[in-house]
Amino acid sequence: MQPLSIYAGESALQTIQQKGVSPDMFSAVLGASGGPKWFVLYGLDKVLFSEFMDLSERPVDIIGSSIGAFRAACFAHNDTKAAIERLADRYSNTVYSDKPTVQEITEKGVALLDNMMGEQGVVEVLNHPSKRLHIVVAKSHGMAAREVRWQQGPALGLAAARNAIGRAKLQKSFTRVVFSNTESLFGFSEQVELKTKHVQLNQENMLMALMATGSIPMVIQGVPDIPGAGKGMYRDGGIIDYHFDMHIKTTGLVLYPHFSKTPIPGWFDKALKNRQCHPSSYDNVVMVTPSDEFIASLPYAKIPDRKDFESMNAQERIPYWHKVMAQSHALGDAFLEWVNSPEPSKFVQPIQLKR
């Protein structure tokens, strides 16, 4: 069984065919939203920087939303493997009461991030000379900014309806805000342009930005009035950029470790079968995903997801997630085998996205 599937956009595939694969050919790394789906990438993430990307001295933009932003923050540490292990340990072993409140879930989220970043993490990330962290957050407008549950529900319904009419209309409910440890935002273009605000990270707002990007509406409290970003309510970055539908303008290629071979633009697009990312967004992207055969070999033949909190008790869920994490080391091994193979291009498939 080949545990890893590798896909590349047109330009990325040509580059690999001509030059092979090396860490210095990548100048950006993407991290998608998806909550517990990340556990299938745990073993890959442990080696991605520590045994590959960190071998290059080239500056790299590390971009993520929600759990992808948590991973991005770990990658921006000096010791990426230790940070990933802290995130995985705390996240996989989290236990809630039988009927957890929004406050309980929020408090445990705050504790998770404190543990993940450790004592020196914020300082390391803010001052790293070559790792440029970008945390994607959604600023809420109108009733979507309220913390009252009966108001949030209709607000999300309205946002979904606006998005169904056209992705550009989503910005009536949410605005993209990107928090970076750089003075300028990474370059990108979109087929559907969405207003974007750039905010510089500092010691005062980093943990708040990380909490905001994982603040799922109706589940976790939003983060109000983040310093540097202005007044307002900030929520899950995956609302706008679930899997990202943007062309990253960078001098190298974009490496995208992902749990799905079919990226979806935004959170509300999950219900829209015809809403796909544009091929131009992935022209310079190399996407590394678990293969269908590997997923079939997992317990329950599926990748973990947020529904596991509801369908399983902690005694069932935690061993299941730990088993997936243990099996995921095969992805890390396969990745290192691929990048060190004499003909890496023969293992790469074109990314299949409809225009």
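On a 1 Å grid over the protein atoms alone, a pocket is an open set of points with protein on both sides within 12 Å along at least five of seven lines, while a cavity is a set of points where a 1.4 Å probe fits but cannot get out. Lining residues have an atom within 4 Å of a point. Grid points are joined across faces, edges and corners, and a volume is the space filled by probe spheres set on the points.

This is a predicted model: local features need pLDDT of at least 70, side-chain atom pairs count only at pLDDT 80 or more, and totals for chains, interfaces and linings use all residues. Residues are numbered from 1 along each chain as its sequence is written, and side-chain values use heavy atoms, with hydrogens and water left out.

**Pocket and cavity**

The second largest pocket holds about 180 Å³ of space. It is lined by 12 residues, and those closest to its centre are Gly 9, Glu 10, Pro 279, Asp 283 and Ile 351.

The structure has 1 cavity of 30 Å³ or more. Ala 144, Gln 152, Ala 155, Leu 156, Phe 174, Pro 217 and Arg 235 form the lining of the largest cavity. Helix H7 (residues 149-165) gives the most to that lining, with 3 residues. Helices are DSSP runs (H or I, at least four residues), numbered from the N terminus.

Ala, Val, Leu, Ile, Met, Phe, Trp, Tyr, Cys and Pro count as nonpolar, Asp, Glu, Lys and Arg as charged, and the others, Gly among them, as polar.

| Space | Volume | Lining by class |
|---|---|---|
| Second largest pocket | about 180 Å³ | 6 nonpolar, 3 polar, 3 charged residues |
| Largest cavity | about 30 Å³ | 5 nonpolar, 1 polar, 1 charged residues |

**Buried positions**

Asn 163 also sits in helix H7. Its relative accessibility is 1%, so Asn 163 counts as buried (under 20% relative accessible area, 1.4 Å probe, protein chains only). Leaving out residues up to four places away in sequence, Asn 163 touches Leu 170, Phe 268, Asp 269, Leu 272 and Arg 275. Contact means heavy atoms within 4.5 Å.

Helix H3 (residues 67-75) has 9 of its 9 residues buried, so it is largely enclosed by the rest of the structure. Among them are Phe 70, Arg 71 and Cys 74.

**A helix pair**

The axes of H11 (residues 314-327) and H12 (residues 329-339) come within 4 Å and cross at roughly 15 degrees. Axes are lines fitted to C-alpha atoms, for helices over the stretch in contact, and angles run from 0 to 180 degrees between N-to-C directions. H11 and H12 are therefore roughly parallel to each other (angles under 35 degrees). Met 325, Ala 326 and Gln 327 of H11 meet His 329, Ala 330 and Leu 331 of H12. The contact has 4 nonpolar, 2 polar and no charged residues.

Key
Helices (H or I, at least four residues) and strands (E, at least two) are DSSP runs, numbered from the N terminus. Angles under 35 degrees count as roughly parallel, over 145 as roughly antiparallel, 65 to 115 as roughly perpendicular and the rest as oblique. Buried means under 20% relative accessible area, exposed over 50%, partly exposed in between (1.4 Å probe, protein chains only).
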